[in-house]
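Q: I have a new model open and would like to learn how to read it. Could we go through it together, one feature at a time?

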Amino acid sequence: MPAFPIVCWAAEETVPCTVLAASLAFSDAAPPRLTTASLLPWPTAAAASPALSAAWAAARCDSFAGAAAPSVTVFFAARALAVGDCPFVVLSLAPAMRAGYPAPRSANSDPRRTDGAPRTEQTAARGPKCEITSKAVFHPADRAYRYYMVQSMRETERKYAVPSSSDTSWLSDASWLSRLARVEGVTAVVDRGAEELDAVYYDTADLRLSGTSATLRRRTGGSDAGWHLKLPLPGDSREEIQSALTDADADAAADTDTYAVPDAMLDLTVSRTRGVRLTPVVRIRSTREVRHLVDAEGTLRAALNIDMVRAESLRAEGRRTAWNEVEVELAEGADPALLDAVDRKLRKKGIARAQSPSKLARALDETAPAARAVGADQSGDLDLNPGSAGEQVLAYVREQIRILTALDPAVRRDRPDSVHKMRVACRRLRSCLRTYRSVLDRDVTDPIRAELKWLAGELGAERDQEVLMERLTHRIHVLPDELVLGPVVARLQTWNVARGTESRQRTLDALGSRRYLTLLDSLATLVEQPPLRAKARKKAGKVMARAVLKEYDRLAGRMAPALDLSPGPKRDVALHEARKAAKKVRYAGEVARPALGKPAKRLGKRVKAVQKVLGDHQDSVVARGTIRDQAVTAQAVGEAGFTWGLLYGTEQAVAHAREREVPAAWESASAPALRKRLRQ
């Protein structure tokens with residue numbers, strides 16, 4: 001059983017750092033578990049010292065904190081670090097860890113379930129990736145861990161319609177298949193035999209997944225049996241997220257209850273389902289003839305699948321249908337141009353692109369043609385003229401809601417830049433609803449704006465930590481080695497893991513809350529039943545120009561007094577407020593760009609330059625605060641403070657440089673000609 005040192009960073013600054021000696025047991029089906037452990041008091045400075053190895057050798061593996069052999073769960077989100085030749089893993093240490101078993105709070109209902117079934121609750125001392133456990137305690141980090149149990153890949157394919165299901169004569173005509181071997185980059189078409197596939201598709205009663213071009217299925221047969229969640233991407237691509245079948249899945253019938261859906265899949269669909277129960281809607285069985293298009297080295301370039309499909313509705317209608325189709329799926333790393341070349345060959349044979357984007361879409365159309373999926377475009381239902389202010393504002397709102405919804409699965413799985421993009425979508429929505437109150441009634445939109453502010457704030461903790469860590473890491477990296485004195489990098493990494501753990505959990509808690517589901521419902525209602533005001537039916541030009549200029553006036557009202565202040569904390573705050581006002585002008589111009597054209601684009605570009613300068617200034621203000629805190633902590637344990645002082649001075653110089661750039665940037669953005677063109 002492997003063992004290695006773990007440095008546990010205390011949740012409170014006043015508690016000394018500790019060294020935890022541990023033995024870990026690994027399993028494919030569960031997180032690693034600490035089976036035995038002991039705590040050794042250890043000064044903070046030693047966390048970055050080679051003496052850590054000696055401490056590890058001296059550690060005794062007996063009872064933990066005086067408790068009778070409790071188990072401690074450690075989650076993969078812990079990050080491996082190294083100081084010199086001494087590897088270690090940094091975790092946050094919960095206060096509950098030092099106090100024995102935490103008492104669970106009363107259970108609440110899981111917002112993903114609709115039957116009121118209780119869920120176990122998190123500990124009173126929330127937050128870390130490392131907590132003492134008991135069966136009655138729900139660990140927030142479980143939600144993070146479950147996303148490590150799914151796999152994701154990019155699927156790029158095209159579907160083609162072929163003769164009716166009763167006509168299979170075209171299958172015996174090998175000429176069209178042999179033509180594919182003459183496609184550039186392909187030298188042979190290899191027969192890989194037949195597969196029998198059986199898939200049950202899940203959706204809400206009102207088809208919320210289908211309405212957003214997403215599908216969830218449990219499929220048996222073939223080489224990738226399991227749960228598959230497919231999410232739309234641009235062009236011919238989709239993201240396919242897979243989760244392995246469990247023993248329960250192997251014995252499940254076609255009418256499996258929603259609770260057979262893995263928790264990770266439930267979570268990853270929640271932004272689309274908004275917590276509504278998932279039930280089986282369609283069963284699709286396919287006999288698949290597989291052909292591989294390979295190159296001269298035998299490398300797979302694309303798979304051509306000939307499917308004979310039988311579909312039946314599992315809803316009240318119980319109808320059946322059947323058809324044949326061809327799929328051409330691009331292999332990983334293959335040139336997308338190959339799909340175009342294959343497409344030309346198939347069209348010459350009379351095999352045209354399918355009208356339906358997926359098997360599920362066609363099955364629903366043919367077995368329940370009257371069904372209308374929630375999320376489908378309903379803009380035509382509104383009494384709005386083309387080019388009206390209401391039409392343009394609602395189009396922007398719909399797009400930002402679509403972006404927010406689509407980013408939810410990426411944020412849960414900690415995909416790069418996903419938190420930032422989701423936070424920006426929240427800000428754009430908030431700004432649009434504020435700026436265009438003359439179009440949408442604020443009695444309805446103001447409560448939604450408040451909830452968007454809450455969500456952006458929860459996401460902001462993680463995003464701000466990312467930005468700050470990148471900035472400080474870069475500052476240290478560019479310093480000459482002789483100017484980096486003491487364990488500066490190790491201290492910064494330890495601080496980042498502790499803070500990052502907390503901010504990551506804050507994000508997941510927000511997305512797993514009932515409050516988030518209520519916000520999603522409010523956004524859906526906003527576009528389905530928009531609270532239109534009289535100006536919504538007027539031409540967009542004048543209405544939107546007036547709104548953009550109003551936001552500009554607010555920005556001007558903040559810039560002038562900020563520039564008059566002397567450098568210092570008050571000016572820092574004033575410039576930060578001006579930066580936020582500049583964002584609102586930019587976002588107002590984005591909404592209005594279809595109506596106002598280049599004038600709105602020019603103003604947005606100039607204001608963005610102001611925002612960029614002010615943004616770097618604000619980042620420097622935040623960085624200096626963190627640098628000072630780290631310097632104080634380092635000094636308290638006898639570490640050198642030289643490098644921290646150097647970093648502080650660097651950030652101070654950056655802030656002064658940006659302050660000198662602000663007047664010129666603002667002069668350019670405040671040119672009267674920019675606003676005059678908006679009024680024309």
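A: Buried means under 20% relative accessible area, exposed over 50%, and partly exposed in between, with a 1.4 Å probe and protein chains only. This is a predicted model, in which local features need pLDDT of at least 70, side-chain atom pairs count only at pLDDT 80 or more, and totals for chains, interfaces and linings use all residues. Residues are numbered from 1 along each chain as its sequence is written, and side-chain values use heavy atoms, leaving out hydrogens and water.

Q: Where is the place of D417?
A: D417 sits in the loop between α9 (389-412) and α10. Helices (H or I, at least four residues) and strands (E, at least two) are DSSP runs, numbered from the N terminus. The phi of D417 is positive, about 70°, although D417 is not a glycine.

Q: Is R274 buried or exposed?
A: R274 is buried, with a relative accessible area of 13%. R274 also has a positive phi, near 55°, in a residue other than glycine, and is found in the loop between α6 (263-273) and β15.

Q: How do strands β11 and β15 pair?
A: Two strands pair if DSSP finds at least two bridges between them. Here β11 (residues 188-203) and β15 (residues 279-294) pair in the antiparallel sense over 14 bridges, with Y202 opposite P280 in β15. β11 also pairs in the antiparallel sense with β12 (residues 215-220), over five bridges, and Y201 stands opposite R217 in β12.

Q: What volume does the largest pocket have?
A: A pocket is an open set of points on a 1 Å grid over the protein atoms alone, where a 1.4 Å probe fits, with protein on both sides within 12 Å along at least five of seven lines; lining residues have an atom within 4 Å of a point. Grid points are joined across faces, edges and corners, and a volume is the space filled by probe spheres set on the points. The volume of the largest pocket is about 1500 Å³.

Q: Which residues lie nearest the centre of the largest pocket?
A: Of its 42 lining residues, R423, R427, H576, R579 and K583 lie nearest the centre. The largest share of the lining, 11 residues, comes from α11. By type, the lining has eight nonpolar, nine polar and 25 charged residues. Ala, Val, Leu, Ile, Met, Phe, Trp, Tyr, Cys and Pro count as nonpolar, Asp, Glu, Lys and Arg as charged, and the others, Gly among them, as polar.
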